[in-house]
Amino acid sequence: MLGPVEFREVVRRRRMVRSYTDEPVDPAVVDRALAHATRAPSAGFSQGWGFLVLDTPADVAAYWRATSDDTEAPGRWLRGMMRAPVVVVPCSSRAAYLERYAEPDKGWTDRDEARWPVPYWHTDAAMAALLILQTAVDEGLGACLFGVPADRVETLRTAFGIPATFDPVGAVTLGHPADGGAAGSPARRARRPLDEVVHRGSWGAAGD
């Protein structure tokens, strides 16, 4: 395992790992990743997130059964991902935000979702997930954030008792990287240069 690295190297090295060895992950590392996740910003300090942690072989296998039909004959992507010894499911609570912003210091007593042009409950949970990914790099591990199939969310919810007030925003695998995983989109697409995505002062001429 590599030692801790400078933050700029954590950012540079961060990538989605899609194949793992069967080596266990130190529970202390998982705890650190979760502690870091709770340092993510959250609107109104609502902290409307929850993290389902699956770190036993039985629970990890149950996750894949709940979210895939192909566990008996997995393809390359699923075969590599299923070896990860830890799966974390970050969840967001819309209710926590609507209730927080109905408190006296915020004062939106109507709890109207129209006040939220962006669903910050999902945004904040996603930032928490990114901190898990960055912790993995810092600890010399691999990680991958990926979506839960839409038609499997309720199955996942039922399998692990996720409350109706929380919604999975994806899942994160954690483990020791192995060779042979499925190639991701960066293998087919170049990273866009800064001058294409950064707009200083204005986006450009009207109509562009």
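R111 lies in the loop between helix 5 (94-100) and helix 6, where helices (H or I, at least four residues) and strands (E, at least two) are DSSP runs numbered from the N terminus. Phi of R111 is near 55°, a positive value in a residue other than glycine. The model is predicted: local features need pLDDT of at least 70, side-chain atom pairs count only at pLDDT 80 or more, and totals for chains, interfaces and linings use all residues. Residues are numbered from 1 along each chain as its sequence is written, and side-chain values use heavy atoms, with hydrogens and water left out.

**Backbone phi values**

- R111 is partly exposed, with a relative accessible area of 44%; buried means under 20% relative accessible area, exposed over 50%, and partly exposed in between (1.4 Å probe, protein chains only).
- Q47 is not a glycine, yet has a positive phi of about 55°.
- The loop between helix 2 and strand 1 (49-54) holds Q47, a residue that is partly exposed at a relative accessible area of 35%.
- Most residues other than glycine have a negative phi.

**Overall architecture**

- The protein chain contains eight helices and five strands.
- Along the sequence these elements follow the pattern α-α-β-α-α-β-α-α-β-α-β-β-α.
- The C-alpha trace of the protein chain spans about 50 × 45 × 35 Å along its principal axes.
- Of the 208 residues in the protein chain, 39% are buried.

**Salt bridges**

- The count of salt bridges comes to eleven, each being a side-chain nitrogen of Lys or Arg within 4 Å of a carboxyl oxygen of Asp or Glu.
- The side chains of E103 and R100 form a salt bridge with an N to O distance of 3.0 Å.
- E103 is partly exposed, with a relative accessible area of 36%, while R100 is buried, with a relative accessible area of 14%.
- R115 and D110 also meet through their side chains in a salt bridge (3.1 Å, N to O).
- R115 counts as partly exposed at 37% relative accessibility, and D110 counts as partly exposed at 44%.
- A network of salt bridges links E9, R12 and R13.

**Second largest pocket**

- The second largest pocket holds about 240 Å³ of space; on a 1 Å grid over the protein atoms alone, a pocket is an open set of points where a 1.4 Å probe fits, with protein on both sides within 12 Å along at least five of seven lines, and lining residues have an atom within 4 Å of a point.
- Grid points are joined across faces, edges and corners, and the volume is the space filled by probe spheres set on the points.
- The lining of this pocket comprises 17 residues, of which T56, P57, V60, A84 and P85 lie nearest the pocket centre.
- Helix 2 (27-37) and helix 3 (57-67) each supply at least two residues of the lining.
- Helix 3 provides the largest share of the lining, five residues.
- By class, the lining has twelve nonpolar, two polar and three charged residues, with Ala, Val, Leu, Ile, Met, Phe, Trp, Tyr, Cys and Pro counted as nonpolar, Asp, Glu, Lys and Arg as charged, and the others, Gly among them, as polar.

**Surface patch and a buried strand residue**

- L194, V197 and V198 form a nonpolar surface patch with about 260 Å² of accessible area together.
- Patches are made of residues with over 30% relative accessible area and no salt bridge, nonpolar side chains (Val, Leu, Ile, Met, Phe, Trp, Tyr) being joined within 5 Å and like charges within 9 Å; accessible areas come from the Shrake-Rupley method with a 1.4 Å probe, and for residues only the protein chains shown count as cover.
- L194 is found in helix 8 (residues 194-197) and counts as exposed at 64% relative accessibility.
- A171, in strand 5 (residues 171-175), counts as buried at 0% relative accessibility.
- The C-alpha atoms of A171 and P90 are separated by 6.4 Å, although the two residues are 81 residues apart along the chain.
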